[in-house]
Amino acid sequence: ASPLTAHAALAGSVSSCSTDRPRLGIEVAEARHAVTGDRTVTVLKVTPGGPCDQAGVEVGDMIVRWNEDVLYEKQDFVRCAQRAAVGDVLDLVVVRQYPQPDGTRQQQHLSCKILLRSAHLAPSSAASSLRSASPAGPWP
């Protein structure tokens, strides 16, 4: 069983009608960690070829930091997305869990750097990314 349980049906893309808004290519929802009970911002969908896909973000990842902002709930994510602009370099920190043979889960923090581009660019040129991993530590 997954350590995440759906807490609220808050799924939806963060988008805007403005042409100067960048696209991230993910849908997120607020969830609760089954073990700690902490609220998390969890990735529900990743658009193939989109900026977050190119950066290595995966379905099930928990987004815990957007640049310097710690994310506890979907509204934190939405607020950060609304402030983002084309040309910004976004540093997302995600926590990914890996099931172990003994039934426990190992956590890994991944830092994904994304150059935000216009939503009107083709997916292949939508982002530059660099992904680095760090061992699980106190999160966020």
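Lysine 113 counts as partly exposed, because its relative accessibility is 37% and the partly exposed class lies between buried (under 20% relative accessible area) and exposed (over 50%), using a 1.4 Å probe and protein chains only. This lysine forms a salt bridge with aspartate 91, with the closest N and O atoms 3.4 Å apart. The pair links distant parts of the chain, since aspartate 91 is in strand 7 and lysine 113 in strand 8, 22 residues apart. A salt bridge here is a side-chain nitrogen of Lys or Arg within 4 Å of a carboxyl oxygen of Asp or Glu.

Before going on, please keep in mind that this is a predicted model, in which local features need pLDDT of at least 70 and side-chain atom pairs count only at pLDDT 80 or more, while totals for chains, interfaces and linings use all residues. Residues are numbered from 1 along each chain as its sequence is written, and side-chain values use heavy atoms, with hydrogens and water left out.

**Salt bridges**

By the rule above, the count comes to six salt bridges. Three of them are set out here.

| Aspartate 61 | Arginine 96 | 2.7 Å |

Aspartate 61 forms its salt bridge with arginine 96. Aspartate 61 lies in the loop between helix 1 and strand 5, and arginine 96 lies in strand 7, so this pair ties together parts that are 35 residues apart in sequence. Both partners count as buried: aspartate 61 has 1% relative accessibility, and arginine 96 has 6%. Together with Glu58, these two residues are linked in a network of salt bridges.

Arginine 83 belongs to helix 2 and aspartate 69 to strand 6 (residues 69-70), so the pair ties together parts that are 14 residues apart in sequence. Aspartate 69 is partly exposed, with a relative accessible area of 30%.

**Fold and strand pairing**

The protein chain has two helices and nine strands; these are DSSP runs numbered from the N terminus, helices being H or I with at least four residues and strands being E with at least two. From the N terminus on, the elements run β-β-β-β-α-β-β-α-β-β-β.

Strand 3 (residues 26-33) and strand 4 (residues 39-46) pair in the antiparallel sense over seven bridges, where pairing asks for at least two DSSP bridges between two strands. Arginine 32 has arginine 39 of strand 4 as its bridge partner. Five residues sit between the strands of this hairpin, and glycine 37 takes a positive phi near 80° in it. Strand 4 is also joined to strand 5 by two bridges, and these strands run antiparallel. There, threonine 42 stands opposite methionine 62 of strand 5.

**The core and its aromatic pair**

Of the 140 residues in the protein chain, 40% are buried. The largest nonpolar core has 23 residues, and those with the most contacts inside it are Leu24, Ile26, Ile63, Trp66, Phe77 and Leu92. Strand 3, strand 4, helix 1 (51-55), strand 5, helix 2, strand 7 (89-99) and strand 8 (105-115) each supply at least two residues of this core. Such a core is a set of buried Ala, Val, Leu, Ile, Met, Phe, Trp, Tyr and Cys residues joined through side-chain atoms within 4.5 Å.

The structure holds one aromatic pair. The rings of tryptophan 66 and phenylalanine 77 have centres 5.4 Å apart and planes at 80°, so the pair is edge-to-face. The rule takes rings of Phe, Tyr and Trp (its six-membered ring) with centres within 6.5 Å, and planes under 30 degrees apart count as stacked, over 60 as edge-to-face and the rest as tilted. Tryptophan 66 is in strand 5 (residues 62-66) and phenylalanine 77 in helix 2 (residues 74-83), eleven residues apart. Both residues are buried.

**Cysteines**

A search of the whole structure finds zero disulfides, a disulfide being a pair of cysteine sulfur atoms within 2.5 Å. For cysteine 52, the nearest cysteine sulfur is that of cysteine 112, 7.6 Å away. Cysteine 52 counts as buried at 0% relative accessibility, and cysteine 80 is buried with a relative accessible area of 3%.
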